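Here are my notes on the model, as promised. Please read them with the structure open.

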4 protein chains.
Amino acid sequence: MAVRAAVAGASGYAGGEILRLLTGHPEVEIGALTGNSNAGQRLGALQPHLPPLADRVLEVTTVEALTGHDVVFLALPHGQSAAVAEQLGDEALVIDCGADFRLRDPGDWERFYGTPHAGTWPYGLPELPGARDALTGSRRVAVPGCYPTAVTLALFPAFGAGLVESDVVVVAATGTSGAGKTPKPHLLGSEVMGSMSPYGVGGVHRHTPEMAQNLSAVADEPVTVSFTPTLAPMSRGILATCTARARSGLTADRLREVYDKALAAEPFVHLLPEGQWPSTAAVYGSNSALVQVAYDEAADRVVVVSAIDNLTKGTAGGAVQSMNIALGLPEETGLPVTGVAP
Amino acid sequence: MAVRAAVAGASGYAGGEILRLLTGHPEVEIGALTGNSNAGQRLGALQPHLPPLADRVLEVTTVEALTGHDVVFLALPHGQSAAVAEQLGDEALVIDCGADFRLRDPGDWERFYGTPHAGTWPYGLPELPGARDALTGSRRVAVPGCYPTAVTLALFPAFGAGLVESDVVVVAATGTSGAGKTPKPHLLGSEVMGSMSPYGVGGVHRHTPEMAQNLSAVADEPVTVSFTPTLAPMSRGILATCTARARSGLTADRLREVYDKALAAEPFVHLLPEGQWPSTAAVYGSNSALVQVAYDEAADRVVVVSAIDNLTKGTAGGAVQSMNIALGLPEETGLPVTGVAP
Amino acid sequence: MAVRAAVAGASGYAGGEILRLLTGHPEVEIGALTGNSNAGQRLGALQPHLPPLADRVLEVTTVEALTGHDVVFLALPHGQSAAVAEQLGDEALVIDCGADFRLRDPGDWERFYGTPHAGTWPYGLPELPGARDALTGSRRVAVPGCYPTAVTLALFPAFGAGLVESDVVVVAATGTSGAGKTPKPHLLGSEVMGSMSPYGVGGVHRHTPEMAQNLSAVADEPVTVSFTPTLAPMSRGILATCTARARSGLTADRLREVYDKALAAEPFVHLLPEGQWPSTAAVYGSNSALVQVAYDEAADRVVVVSAIDNLTKGTAGGAVQSMNIALGLPEETGLPVTGVAP
Amino acid sequence: MAVRAAVAGASGYAGGEILRLLTGHPEVEIGALTGNSNAGQRLGALQPHLPPLADRVLEVTTVEALTGHDVVFLALPHGQSAAVAEQLGDEALVIDCGADFRLRDPGDWERFYGTPHAGTWPYGLPELPGARDALTGSRRVAVPGCYPTAVTLALFPAFGAGLVESDVVVVAATGTSGAGKTPKPHLLGSEVMGSMSPYGVGGVHRHTPEMAQNLSAVADEPVTVSFTPTLAPMSRGILATCTARARSGLTADRLREVYDKALAAEPFVHLLPEGQWPSTAAVYGSNSALVQVAYDEAADRVVVVSAIDNLTKGTAGGAVQSMNIALGLPEETGLPVTGVAP
């Protein structure tokens, strides 16, 4: 008996990626597809890479359209999920790809988003210690931000084992799909091809408190994060270069041993063999994360680099992985583990 | 009972794509992986996008290594397949992704390849009239060239219905993976990013006689093809712009009607709705081909544009599709129909 | 005594390129810069690649703002140039980068642009036979379209020498800057990177009659053009693959001889040595055009490939080259002849 | 009376960029062009973007070929400059684009390059305090590494004014031309397009001690640098994200004031207005560097982002700028200050 899934925001990049994954998910039947400005259009005109759904027509996003599904994916602009979720009740598993229910601290939320805090849902990063238990059987999932996914997967083993202390510095490059499908001048192909540029510099990017929240929880003490996101000339992918100050006594061997152990059982996170470094190309369209570590003795810093696909593991894949856990399906069901490369 | 498949040339781009598809194929178990200069290496170092096969080690390409499999994929340099195939005998289905067995006319072969003609195998383009019958139960398959795949899918309905006559002009743009993984100066990222350039101009590209062969067969009269390939700044994809002189009396409606009918039953070839044009992005990593047609009255030419992924439908996907037919499996088994976009 | 130049439409891509060239032009002093929606903004915020002009502020495009300059460059949307030009009178050299005054046949204009024909100005493609005479001393210049520039430079020698007859087929790839700076979904970096796609297929692109006009004039008989433009994943550049049916008796030697002679004296158009083909990278930011020819005997077609930078030789460079001629300056003044590569 | 310049290593990317700049330099006449494996070839086949030099033929790199020039640019592999320079004597100004004479500490040199230290030459980063004096009239110049150029320009004002202390963390993205023109598998277009990847992680990149040397000199105390370079899908450009721990009492206003003052008189380094961030596209082909600063109070770190063109300001432009100073020419002569964008 198939799981019936609706997708709200089916015309955007996150929505399109959810649909790409769901068309390959053996337990899911795709129900209502909704949008707002694009309601009434054929999906084929909006998401031409999904021929099996080309003739489906987008409905307006309403509670009525979304009701009657086992799972509802919300790929809506920030701040719109709470109202919808409230009316859907607990019959449906509601998976929010927006930010609304990620942060625990209302002060953080208000400082970075400027609206009242809506609450906190079980956090859809299964690899984080304790997360799988919270997700199992849950009716609500807050899918992490794409950057926090990459950064948390990179640093949780080091903080969990007490190898590093605070003063985290992260510089991450993202593909342009992370900025969404709404046309803006700086996102034109003419502007982004051949160009790297930063944005949200100086601690103002909204994903910063989410990273600090995750790492502080694992470290069991406050962790500061200096985070600089940069826009790279590629459609997909995040490469996160993450460093933290080493605690005294660290060795390269101990570092590797800790990561090996922390990641060995993870189906989607792979510590690469020594000498091999992650690339975003290797996880293109895949739910895998690739991780490599180094200890820079002269600078006394641990450097961890992770690569994910921002739309797959960073959004839609994380959402489907969490759905699988919440519904009691095998966690890997329907999720690509190979990238499309070269 | 799984079909056991070996891949000769597993370190190259075609070999990597075959493996990506086979890891997702429910009926296939992956056997020997062979290479030459890379024998002895972990596949993870050569194809980092395939984590499930990362610890597999490449063997040297020998008949012994390839023996004992139900299917052997040959992704070898041109001219090396004949010797291997001969020794494998008829126990195995041998699928050659090289050019060796594509051309029927020994004169064409010798003119374009400069070596003696090795013969002709059933042609792995199932959509070509008659091809499915020839493939069913066959122990040998010659996978078409990537360009001939794109061009033949674009023009066979028009020639089949007698809508156009000769003087075909094709200009196609390909992603750089079509040029292979052997490092050459003009294939460096620094050279290809931001640049379009032609090569093999003036009728000398080796795929030219293969296109003429396919179209002449469908037209039942000799068809000339002026073919210009160009290298585009992208990793994957072929966009083929194909024109042919219209026969008198053609109308745009008749043209669309013919294509609609010719392609309606094809699982992988899609005539787009009017007003929508193919893009290579929409078939990235997919076995689909997208096609659109126009009739330019002033120039009295039919223009058909097709988009495929050169590594998927253009090579590995065509190979797996043909394997499915040859083995009596449902033709679509294990083949992605959605692209990874954006 | 410097030539004082104003640029209307200074915030767009054509306007920015005109300014880039004028800042390096030893005889020009940059006067008024105008825009519409961007009036009042610092140029540095709109064209960050032009530090010497960063603190200049855009005025509203009015006749008053443009009056009092020796040269006025109009980089306005199609249809807006006529009204401005009329009021400027003959004191100023007015150089229109739009389409308004390119076509001689009012029927062509109305069919492709849908508005009444405004007239015809001397055509700013100095390489076209007769063009330099018409430009010398002129107070008005119609800068050619970017595609017609690439195609005309590729084919005028062949038509001029009677080597080819009609049935021209052109497929050209352009960088995205050719589509302008107004944000549209299909021009987003996420959409264009990794993708080739056609547009304006089937004889409907507005540059088609301009190509036919130029080639028919040189051939002294009507020439049809089947033209398909494609959008390539690069910011700049046009690669035009142009073919025409050979007249009987043509040889490859004769073809090369004709091109050699026709282009030998041109400062900006270079016939490459045999065996070398043009690339758009080699003319990035340069006013040069690279050309190569081949004769495909089997298809009985001449194939000529040309590469230009759509913003430089294809727009702003052609405009400045024409300005130099009109004002009696050496034609090459201030124009880059080297590309920025790799 | 023109300055006669020779270029050793004229077939590579650095050599090509030196030539591009010299063809536009009003005081320079280009003399011998040398190479090794490419000796005997036309420059047009190797550097097709330089039509004015297309018919020049490369000589073998020998002291004889280089003798008799006023300036000799060495764009040779690391370790080859010392022998050549020694034999050229002091008649010529020798400008080394390699690493051989950059580091002052022989221990640093030996640790990172593994060969005996050859000495130290005046350092070709004119913006560094004291550098212009050392360059004036010098017969030897060591051109800085591309990354150290970007990082030193970003951080020298902060260290010079004592605003920050050690624990510098730098993550920089470079275009692929920084990796040179020798074909290697990981530099293929197929591999780099759509991909970000790190290399030389953990303090092992050879530019690390050069950054530490520059910043320590300005700070007048030892500065540690955690440096991670990443390869971005673009041909040119470096975006360096540089952070350092703030000293107590820092404010955002004070930070901006210091940078404003330090950079105000620099012809090639521009502090952007608040709210505007650098992009590599804006300095494409230009000798400009763009800089922006932020103070992240929560993380207590200063973040400075700089953008340069690795081949222009990062190599060839820095070399020509230093040549101008050494020869007593105006510093800006022949150097482009506008980027080629979009």
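Predicted model: local features only at pLDDT ≥ 70, side-chain atom pairs only at ≥ 80, totals over all residues.

1. Residues are numbered from 1 along each chain as its sequence is written, chains are lettered from A and ligands numbered from 1 in the order in which they are written, and side-chain values use heavy atoms, leaving out hydrogens and water.

2. Chain A has an open sheet of six strands with parallel pairing, in the order S3-S2-S1-S4-S5-S6. Strands here are DSSP E runs of at least two residues, numbered from the N terminus, and two strands pair if DSSP finds at least two bridges between them. Strand S3 (59-60) and strand S6 (140-142) of chain A are the edges, each pairing on one side only.

3. Within chain A, strand S4 (residues 71-74) and strand S5 (residues 93-96) run parallel and are joined by four bridges. A:Leu74 has A:Asp96 in S5(A) as its bridge partner.

4. Chain D and chain A each give 41 residues to their contact (heavy atoms within 4.5 Å). D:Met196, D:Pro198 and D:Val201 lose the most area to chain A, together 16% of what the chain D side buries (buried area is accessible area, 1.4 Å probe, lost on being put together, summed over both parts).

5. Between chain D and chain A there are four salt bridges (a side-chain nitrogen of Lys or Arg within 4 Å of a carboxyl oxygen of Asp or Glu). One of them joins A:Arg245 and D:Asp167 (3.6 Å, N to O).

Methods: Buried area = accessible area lost by both parts, 1.4 Å probe.
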